[in-house]
Each structure stands twice: as structure tokens, then as C-alpha cells.
Amino acid sequence: SNREIDVDEWVYSTCGYCSVGCGLYIGVKDGEAVAVEGNSDSLVNKGKLCIKGLYEWKALHAPERATSPMIRKNGKLEPVSWDEALSHFVDKMQRIIDEKGSEGVGIYHTGQLLLEEYYALGKLAKGVIGTPNIDANTRLCMASAVQGYIRSFGTDGPPGCYEDLDQAEVLFIIGANPAEMHPQLWQRILHYRAEKKTKIIVADPRLTLPAQVADLHLALRPGTNIALLNAMIHVLISEGLIDLEMIEAHTHGFAELKALVEDYPPERGEELTGVPAKRIIEAALLFGRSATATTLYCQGVNQSMSATDTATLINTLHLISGKIGKPGCTPFSLTGQSTSMSNREVGGTTSLPGFRNPMNPEHRREVAEIWKLDQEKIPCQTNDIMKMMALIGEGKLDFLWVIGTNPVVSLPDQRKIREYLDRVFLVVQDVYYPMETAQYADIFLPAAQWGEKTGTYTNLERRVNIGYQAVKPPGNGKSDLIIFQEVGKRLGEGEAFNWNEPEEVFNEWKLLSKGRPNDMSGMTYLRLEKEHGIRWPCPATNHPGTARLYTQGIFNTFECIAEAYGDFNHFEGRAKLWAVPYQQPPEIPDSDYPFWLNTGSIIEHYHTRTKTKRIPELNITAPEGYVEVNPQDAKGLQIQDGEKVRVVSRRGWIEVGVRVRNTVSPGQVFVPFHFGDLDPLEAHLKQAANHLTLNWVDPFSKQPMMKVSACRIEKIRHS
Ligand code: SF4
């Protein structure tokens, strides 16, 4: 415990890293953050924190904190006043709108703002600027899960809660590594596993930590999730391990599903996935015969082949076996960032606030009425970031505002991304300078970060938590909310952005949430603090919040964004079972590029390390990028552990050290995606994994498929 540390006060807050949403207090001494302490009353983490949360306060003090707005003059970013920076920003944007229409402007933001900030930004982008070009880095993280929920249930939102992890007899973890990405969730799983003898099945090409402790590890070939799930569903149906009552009363599409999975007996599953048929059968029987089962999934699904289809199949697995809407039973997507859920709730990207459908004129009217803005301005649909990049390439998008994200490390096929960013007028709003994307900026705006502003964070079980401002941002930094308000005022809509406190924004959003699936109208900041978060829907001030959705088997009672996908809203409250065939990934290993390339996260780092590389306790064990290679392949390539090699794909190359490990199977390699190469701190290195990845997006979610491509390893011969 850090409680004995001498502080002036402990300020109630929530962790700003992953979406587990751990409760904590920030210790403040003489106006500076000096410690973090887990909140022992938090229903999420009961006082425990992982290494990232524990040292998060150190991210506030890094010497590279940006303290002044800057404008590029004579090729260099130079400090200017806020007035000069914002005047230049708005003048330039206005000129482009006059010339090209609002489509000439794009906004690419993050999963790390606060709910109130996403709400304000959505209002600014859609209600004032009127651009269809708004997206967030949540596109890289959970867009496929969102589309999966919409396609299966008619609306977004994880149906379950953390107690389901405690109560499940079987945990099926597919394409997720909570031990590294959601550490406190993993601790919780291990705790209850010891107590309740939970069986764990892990489907992952890598021998991750969860795979090492699993009762059954299905080491499937990259890109073959659909083949595995279809084969498991084949076994469930043929063994009669399905809930016919549930299927008949509450779903639609079973006949098509049954017909399709007839073509996926376990032997075909083995052929496609490389997992022995008997293991597929064992997994299906374990899942099907258990009274309760919960499935966790993350980037190994969302960033893989047929991502949205896979998410719908996971939902299907639970629907046909009746394992949904009751304790211990749920499909559960694990999102990455602390507030990516908030972003989707309040219309920060594709939908309008309250999961409203932008194509529905009535929904646009409802939103415009609360916003007190012109309904005609609100775009009927939005463009994802890869589409925006293409628009830059076509000369149709000339102004890009990047907020709290670092595309010059995180987007796939980096060579093209950097070409596009060179071409566009770029505004970067972030907390550190220098950082990779800011090297392309024409204007830089210094923002406040976690601990320096007040607002709400929805975690991955729909729990809305509050975090209060503990300290001020350094120098002239401003909160993102204030920056959005100031831009709104300069664009002539001062009235619509005239909030004095973040809770006034929250209260405006609550009006739009009323009666929607994610109703938060019964929440107040005070309640969120006293009750340590409340799960939506919470429609009244005396409502305790909702642990599980679909407890009565009623799906799809709202008209949400689902209309975009056809006739969801004609199924009288039924969920849809999608029959989806396996498709081979667009790039597979061949003689030129013989290895499967897998990219992902490690526990020490978070996203592109803008925060974590500045925290010595985190950076010390993982200061550089690397490639994991199987011992058998290392022998064939005559490379040693620690040796620097070149990893080459059709898109580019990186040079990183080798880690010879049996965590990857022969023929596969793994590269963590956190590391950049334009940072002056690391100018000698070219190690961003996304030089290698494929620019190919899922047709429904538009999420890039960064988990599956092909590469080769070249020995570096020193002359
Ligand atoms: Fe923060 Fe996630 Fe770690 Fe909890 S598990 S302390 S939310 S990074």
C-alpha cells in the first residue's frame, strides 16, 4: 500500500490505461501527483492495480510534456499563443471548407478521452463542421466486436459483466491475452479458477501465458477462427448440445447455420486450422456440456480474418447453447483503451449519441434538437480512417485533426500513411512533444491528460466510473474539452458549447441517452463516486444499474445503427444467427515470404508507448522492439537469440533483435506493435511493426487486419 506516503490529499479516480477500469486514488502533494493507490472499495479491482496503473502518475511528469501551442514556421514548430494557434487552425479549416466542402476536413481521435469530451467532439464534428470524416483509433481495437453485437443482437454493448468470469464453469478465451492486456481481469480469473476449478480453453496461435495455464490450448493457424468455430458448432449440433427452446423462441437463421456447419466436421476443422480434430471435439464438448460458459475475445478476433463474422459466430455459439443473459454465461469482447466504450456510446465515431442511426432522419432530428444545431448538417454516414487516408491520396481531404493518437506508429502499411500525412494540413493535439505524429504537424495543441481533468470512463462491462481532476496540466496545456469548446465558439456556435463544468456536458448527454439501450439518465457524478461506478442502462436515480443484458431473451428492441445492415429490426426481438463460411486470408506465406506475421501487445507497454516509454519501471524490461522466432526456425535461419535481424514484408522492413522462443509455432513470428522509429529518442531504429502489416480492412467493421500477413527474416551481414 502507498497509503503511508505523505500527501496533501488522495483524489478519487479511475485508471487511464486499459478498459478493465480499475478504481484508484491519486496522491497529491504541493500540487503535484506523487503516488497512486488502488481503491479497495472498487467493485472492479478491490484495491489491486497492475504495474501500469501503479506508475501512471509518473506519466504526468515526463520532461517531454507539451506546454505551449505551436505553429510550423520556416519548417519548424514554434511556440505561439493559444489565440494565434486557434485563429490559424480555424482560418485554415474554414478556407478548406469553402473550397472543398466539409468533406475536406477529417478528425482522427482516440479511445483515451473522457465521455464528455467524445460527446463534445461528436457535436462539433457532426453538428457544426458537418464532416463525415470522423473516426478514432478504436477502429483498430474493437470495431469488429461492435459490428458483431449489432449484427447478432441489433444493438451494441457487451451483454455480460465481470461476475460472469467468476461464475463460469468454462472460460473460452479466443484471440485474447488478458494476462498482458487486461492484467487485473486475468488476476480475477486466476483467483476464481483456483476457487471454483474453472476450466480454461484458449484458442490462440501463440503459446501465451493464458495458453500455458489452460486446460486445453487450441494452437490454430493464423486467420482460421471461423473454421474452428464452425467446427465447434458442428459438434454442438451433432451432439445435441444446443438449447432448442432458446433457438426457436429467440433467434432467427438456425436452418441456414445448421446447413452451413454441416460442411465443417472436426476433420475439416483440423485441415483448415491445424488443430487436431479430437481437440476441437474436446473443446466443443467441454463448452457444450458445461452449465455455464463465458467467451472472452479481443484483437486475435477483431484484427484477424473475417473479424466481424467471427464476432457474430461467438455470439451464435452462446445463443444456440442458451449461454447468454444468465450468470456465468456471455460472449464478452475485451476492448483495449480506458474509454473506448464511452466513445461508441456518445457517438464519437460511426453512430449518433445513444447508438442512434445517422441514416434515420428521426434520430438526426432528436439529436439536433438537444444540440440546438442544424439537423441538415449531421452526416448520414461516416468514413473510417483508412478511407480518410485514401481521400487524402485522392486530394479530397486536405485538413486532418489528430487528437490523442499516434498514427505514425499504429496504422498499417506505414509507408503510405506517412506519405499521406506529409500531404495534408495536420493539426496534432496531444500531451507530449516530441512524438512521432507531431513531426508531420502544421499546428500542435498541448492537451491535459489523465489525472488533469474530470470526467467519466465506461469500462468493458458497461460500468461508468468517474475520475476527478487531481492536478493541473503543465504550462499552458488545456483539457481536450476546453479546446473543443473554444473551437466551437470560434466557428460561431458559442451557445452550443457553453458549459462551465464537465458534469454539465454529462447532463446534456443524459438527455440523449434517455430511453436508449445505454440509458445513463439515472447517473450523477456523486452516485458514480459513492457506488464505485454504475453499469448501464440506469434509467432512474434510484435504479441500481444493470449487470446483464438480454436476461429475458429479448433482443433488438431498439432501432439502432443496425438499419445500415438491412432488416434487423423486423425480427420481433429475435437475435440473428449468421451462417459464415471460412475464407482464406488475402496474404498467406509463400516461398518469398515464408512466415506468418502476428503482431500484438506486451504487458509493459500501452499502444505506441507515448506514456509507457517515459516510465522507467515499465520501459526497463522492454526498451526496444523484437521478433519472436521458434527455435526450429532460428536454427534453420542460423540466427541466435539477441541477434539483430531484418523482418521484411511486401510493404516494408524493420530491424529488431531476435527472441528465440517456443511461444510461437514453427513458421510463425510475433512482433510487438508498440515501438516507433521516428522518435528522436530512438532515431537509429526502424522498428514499427506496422511497416510490415497489410492495408486490408474487414468489410463490415472496416477494422484493419493487422494480425495476419506474411514476412521473411533476413540475417544482417556486417561487412
Ligand atoms: Fe489500469 Fe488495466 Fe492495469 Fe487496471 S488492469 S491498473 S485498468 S492498466
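**Briefing on a predicted model**

Residues are numbered from 1 along each chain as its sequence is written.

**Around K489**

- K489 is found in helix α21, residues 480–490, where helices (H or I, at least four residues) and strands (E, at least two) are DSSP runs numbered from the N terminus.
- Leaving aside its neighbours within four places in sequence, K489 is in contact with G494 and F497, contact meaning that the C-beta atoms of two residues, placed from the backbone, lie within 7 Å.
- K489 and Q640 are separated by 151 residues in sequence, and their C-alpha atoms are 59 Å apart in space.

**Domains**

- The protein chain is assigned domain 1 (9–60), domain 2 (70–139 + 346–452 + 469–523), domain 3 (143–334 + 567–576) and domain 4 (595–715), with bounds that come from an automatic or database domain assignment.
- The C-alpha centres of domain 2 and domain 3 lie 35 Å apart.
- The contact between these two takes five residues from domain 2 and four residues from domain 3.

**The ligand**

- The ligand is surrounded by 14 residues, and the closest are C15, C18, C22, C50 and G53; a residue is near a molecule or strand if its C-beta atom, placed from the backbone, lies within 6 Å of it.
- The elements giving two or more residues to this shell are α1 (51–54) and α7 (183–196).
- Domain 1 (9–60) and domain 3 (143–334 + 567–576) both give residues to the shell, so the ligand lies between them.

**Two packed helices**

- Two packed helices are described by the angle between their axes and the distance between the axes.
- Helix α12 (residues 266–273) and helix α13 (residues 277–289) pack at an angle of about 115 degrees, with their axes 8 Å apart; axes are lines fitted to C-alpha atoms, for helices over the stretch in contact, and angles run from 0 to 180 degrees between N-to-C directions.
- In this contact, P266, E267, G269 and E270 of α12 meet A277, I280 and I281 of α13.

Terms used: This is a predicted model: local features need pLDDT of at least 70, side-chain atom pairs count only at pLDDT 80 or more; totals for chains, interfaces and linings use all residues.
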